[in-house]
Amino acid sequence: MQSTSFLTEIGLSHYLVLSALLFVMGVATVLLRRNLIVILMGVELMLNAVNISFIAFSKYNDRVEGQLMVFFVMTIAAAEAAVGLAIAVSIFKRFKEVNIRFFEHLKG
Amino acid sequence: MGKDTLEIAINGLKLVLIFLMMVQAVPILVWLERRGSAFIQNRFGPNRVGPLGLLQLLADAVKFLTKEDFYPRTAVKTLFYLAPVFALIPATLAFCAIPMSTPIQVAAFDAFGSSWGPYVFKIQGFDISVGIVYILGMSSLAAYTILMAGWGSGSKYSLLGALRASAQTISYELALGLSIVGVILLYGTFDLTSMIQAQEGALHFQMMGQTVTSQFLPNWGFFYQPLGAVLFFAATFAESNRLPFDLAEGEAELVAGFHTEYGGFKMLMFFIGEYGHMMVASGLFAAFYLGGYALPIPSWNPAAVLHWSTELLGSKESGSVLAAIIHFLSFNIKFGLLLWIFIWVRWTLPRFRYDQLMDLGWKTMLPWSLANAMITAVGVYLASVAMV
Amino acid sequence: MADVIVFWFLALVTVGSGLAVVLLPNPIYCALCLAMTMVGVSALFVTLGAYFIAGVQLIVYAGAVLVLFTMVLMLFDLKSETNAFSRGVITGAIKVACAGVLSGLIAGAIVMTLGQRSSVVSPLAEKSAIDSTKALGKLLFQENVFAFEALGVLLLVIAVGTVSLARSKGGTHAKH
């Protein structure tokens, strides 16, 4: 009976593990990829993973504050994406390249 | 067990029926568009196949199905083939959340050795309590289809058309969302059904503790939110990429925009997607501003119609079916009129220039819809103060 | 039973498309897969009863932020990338560490849920979507109204900054 309960009873820990998996994928994207925009997407993935655990905690503790935090995280993520993309666009205009290898030296 | 199974089966069937309804409406709309444009431009239009050219649609469908299936040499094959399929999904899923009639009641009955029911079936794909947010979210996914088609075609015209179209969609989504804020504030709900229920009865205003009631006009959102209604309707034109906002496919500059490289049935699927967006927009407009499925005469509200049909047919269940049919017809008349306005405008107004389009979206419609939301908020606050 | 199937399906979709974001060399496929992850996360929010947040997730992330990413990538038009992944000793170590953390998480999760059944907390009473949205609204506009206004200021600053960044030709590196 115990072996099936893992598959058939969805609890808080399932959502937390899913969130952790997505977070690790986001970290891996940031660390391993070389395309500036894909790195930004990794950051978005991490933020989303955190959002899942916020909402899961909010549901299982019956508090609305978790949803509020997600609301704020989303706004800040949108702002961060906008600035990140603007920087990426101006880098692309200057170097014709978005591979981070090409502008790791901090000089023009 | 059996009870749930039947309910799930009926709900699945409803989804299929609504999808089929949407797809079936497209040939009729295409016919209406071609005959209507011919009427507006003083020509005949399609009139050879069948009476009034009605069978032209069948001939077109056969033509589309038998065309050669090709893809350009530079295309990215996966995206090129996926894009038309994805074009159908957002509009269909969004349309499912629009309530089209009053619910049908089915009494408890015995069949196959077990008892079933009683059931209440809503004439709506699925009842989601935050319907408005859901529909907006679903229709914002349409931008991916356009981008996938544009980039996947591997052609400059397609890519430029796709970038224009998605920039336009994102820009006008702001004005669209903000123009709805007024309605949400007014009725205090995200639920489309309760919004329609709030529009029942006669038009009445409450001011300074007095109530002014009109005998003839229904209590529709349009009379409270005229500016919001106009802004919403204009923004939906841009959302569904129709003239005067069809910069995405400006023939003179871009051949046909993001679907330049598509032909045959793939092209038809983009058409169905576009008409699907028009249908979602019309259904939403009817629900927000025209009382949804309710009849336009104040004393004939849904409850009164249900009462009348119950008395006429003798039983509650058959009465609810008759009422549902009446309301469905009423919804379809409003729906059809709005779709006709879409076609009418397309053949009447010329296309904007791209900078004019962006100026209109960001510098005119966005401030006006903000002002509308602001004024509505103040009005709702004053009304609530006067009530207490 | 239906909610269990839905959860596993959504977990499969989000994890699968998340892995695709890490592994696919073409950035455009990465962006499209990330969009799919976002839609899956939004559906997960629905299973958790956060209907309004699910809709906002769909509008903000899937509908706006990732469309921007995709648009920018398509404008750059990098059809194939030769060096999509970093190479070298340090990144090799990072790869091993990532794989280790991932497998450790999965193994730990299975052991934890198999060993302690009490860790499966039963969800509290279902609240209607209208009530939870109403509570969120009250919290947002009454108790945390300062944070809300601060976010508004942040967005204004971001808008101005983005426009000025995008309009400048080559930013601070501009050639004279």
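In this predicted model, a nonpolar surface patch of about 300 Å² is made by Leu82(B), Phe86(B), Ile89(B) and Leu93(B). Patches are made of residues with over 30% relative accessible area and no salt bridge, like charges being joined within 9 Å and nonpolar side chains (Val, Leu, Ile, Met, Phe, Trp, Tyr) within 5 Å; a salt bridge is a side-chain nitrogen of Lys or Arg within 4 Å of a carboxyl oxygen of Asp or Glu, and accessible areas come from the Shrake-Rupley method with a 1.4 Å probe, with only the protein chains shown counting as cover for residues. Leu82(B) is found in helix H3 (residues 77-95) of chain B, where helices (H or I, at least four residues) and strands (E, at least two) are DSSP runs numbered from the N terminus. Because its relative accessibility is 35%, Leu82(B) counts as partly exposed, a class that lies between buried (under 20% relative accessible area) and exposed (over 50%), with a 1.4 Å probe and protein chains only.

The largest share of the lining, 10 residues, comes from H2(C).

Chain C has 6 helices and 0 strands, and 39% of its 176 residues count as buried. Chain A contains 4 helices and 0 strands, and of its 108 residues 60% count as buried. Glu65(A) is found in helix H4 (residues 65-95) of chain A and is partly exposed, with a relative accessible area of 34%.

The mean pLDDT (the predictor's confidence in each residue, from 0 to 100) of chain B is 81, and 91% of the residues score at least 70.

Residues are numbered from 1 along each chain as its sequence is written, while chains are lettered from A and ligands numbered from 1 in the order in which they are written. Local features need pLDDT of at least 70 and side-chain atom pairs count only at pLDDT 80 or more, whereas totals for chains, interfaces and linings use all residues, and side-chain values use heavy atoms, with hydrogens and water left out.
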